[in-house]
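The following note sets out some points for a colleague examining this entry.

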Amino acid sequence: MNKNILCIGAGYVGGPTMAMIALKCPGIRVTVVDVDAQRIAAWNSDLLPIYEPGLEEVVRQCRGRNLFFSTEVAKGIAENDIIFVAVNTPTKMFGHGAGCAADLQYWEKTARLIHDCAKGDKIVIEKSTLPVKSAAAMSRILYSGCTPYHFEVLSNPEFLAEGTAMADLRDPDRVLIGGDDTPSGRMAVEVIVDIYSNWVSRERILTTNVWSSELSKLAANAMLAQRVSSVNALSALCEVTEADIDEVAHAIGMDKRIGPKFLKAGVGFGGSCFKKDILNLAYLCETYNLHGVAEYWKQVVLINDWQQSRFVGTILRAMFNTVAGKRIALFGFAFKSDTGDTRESPAIRVAQMLIEEHANVVICDPQALGNARRDLADWEDRVVFESDPYTAAEGADAVAILTDWTCFKELDYTRVFSGMRQPSFLFDGRNCVNHAALFEMGFNVYAIGKSPRSHVD
Ligand code: UDX
């Protein structure tokens, strides 16, 4: 068995993960394939298809040395014995389980392709986040018909977060590898452990059975999202009392048992994973008749949706119950800072709701304008896209911060204010600017989980 690696799927997970493996294992040849020729061309160009701090440097160092991007999927399968599968598994939007279950069509096609193109034994590693028991299904496909080869299916979920992907990959909290407890399963796990131990210490590499590994990924995302929804639920209570959510979060986060991370209140979580994985988890629970457990997790998503509507409700109420014809600049469209990704971004819903209220919405984001244009294609003639925040706010009645980009924290808000119509409103959906100072400047300031600072009440 050769140790060279193929990764099927050149997206947010496959691209950065393979770039890191290539960097840390110069002796291993890593090939990333994708059916999307445009995407592969971008990986081979100076303008990578995803924005991720530090990624470009690593790709530049390894590309053409031991990192290759190609559309030749079948050839890649035939030539490599270790195959990572990092294809996307969005939420199914049709038929049984629509809106909840994972859409596994790309994943299944990939399994069949591996089956058809293999010319020897393979270790197939699930990198995509998948419903529990997917590895078993993958095995069934690989062994369908008659095949002379041995396929060992492992689960190696990726925990990287966007925006910090390279740091997360370089120094992961843990690497999780799930495999069957059989001699061939244990051997395959060791092959993957060896790859990671080139840069990750052995105690951080956990090996479990396949199902624990698959479930751990869904559970980790569900628990992280649950913290955000918990703090966002409390933020609503803070807004109607004198409590301040940042102070409350700080106080509870200092309890070592709770810890300070993922307690930042905001306009809601986004990203390709949280909602999808929770719905997946809930669907799984329902499949096993665990309806109460499913309801418990679904509530995390419901609070998140509510938080977004609540934010728009605050804007409406503060602006005298009408935003029709008013210019509202949205600062940030990405689901979080340091990424151009807008999947499930709260900004999408906020923008749509404001457009429905007939506001003149201006979208400003340093990295996500391309994606924002696609997301709002149906409302094209009713939105303006602007890369300069001062221009976006020119003549605006309100600014709403939806992504905590550093560039929005560091703006000269006196200049922003001077270009706006009066009374000027600032809605901070990420609690990332100095509210007292902005209020002093003349803004009416509304933040998440804090009492409003208004000159007009
Ligand atoms: C997440 C997981 O963190 C990662 O381990 C997994 O592999 C993929 O899903 P990601 O979606 O990239 O990563 O972003 P993350 O940093 O977790 O943030 C998710 C969302 O929660 C963002 O919209 C962010 O703004 C929001 N968030 C996060 C908060 O609102 N408050 C917080 O305290 C933390």
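1. An oxygen atom of the ligand lies 2.8 Å from a polar backbone atom of Leu160. The model is a predicted one, and this distance is computed from it.

2. Two further polar contacts of the ligand deserve mention. A polar side-chain atom of Lys217 is 2.9 Å from a ligand oxygen atom, and a polar backbone atom of Leu263 is 3.3 Å from an oxygen atom of the ligand. The ligand is surrounded by 19 residues; Phe159, Leu160, Glu162, Phe335 and Lys336 are the closest.

3. Glu52 sits in the loop between H2 and H3. Glu52 is buried but forms no salt bridge: Lys336, the nearest side chain of opposite charge, is 7.1 Å away, whereas a salt bridge requires a nitrogen-to-oxygen distance within 4 Å.

4. Which backbone nitrogens does the side chain of Glu52 reach? The side chain lies 2.6 Å from the backbone nitrogen of Gly163, and one of its polar atoms is 3.2 Å from the backbone nitrogen of Ala165. Leaving aside residues up to four places away in sequence, Glu52 touches Ala161, Glu162, Gly163, Thr164 and Ala165.

5. In helix H3 (residues 55-62), the buried residues are Leu55, Val58, Val59 and Cys62. Viewed down the axis of H3, these residues fall within an arc of 95°, so they line one face of the helix. Their cover includes helix H1 (14-24), helix H2 (37-43), strand S3 (67-70) and helix H7 (165-170).

6. After H3 comes Gly64, which has a positive phi, near 85°.

Conventions. Residues numbered from 1 in each chain as written. Predicted model: local features only at pLDDT ≥ 70, side-chain atom pairs only at ≥ 80, totals over all residues. Heavy atoms only, no water. Buried < 20%, exposed > 50% of the residue type's maximum accessible area, 1.4 Å probe, protein only. Helix = DSSP H or I, 4+ residues; strand = E, 2+ residues; numbered from the N terminus. Arc of directions from axis to C-beta. Contact = heavy atoms within 4.5 Å. Lys, Arg positive; Asp, Glu negative; His and termini not counted. Polar contact = N/O pair within 3.5 Å; in protein donor to acceptor, adjacent residues only side chain to side chain. Near = heavy atom within 4 Å.
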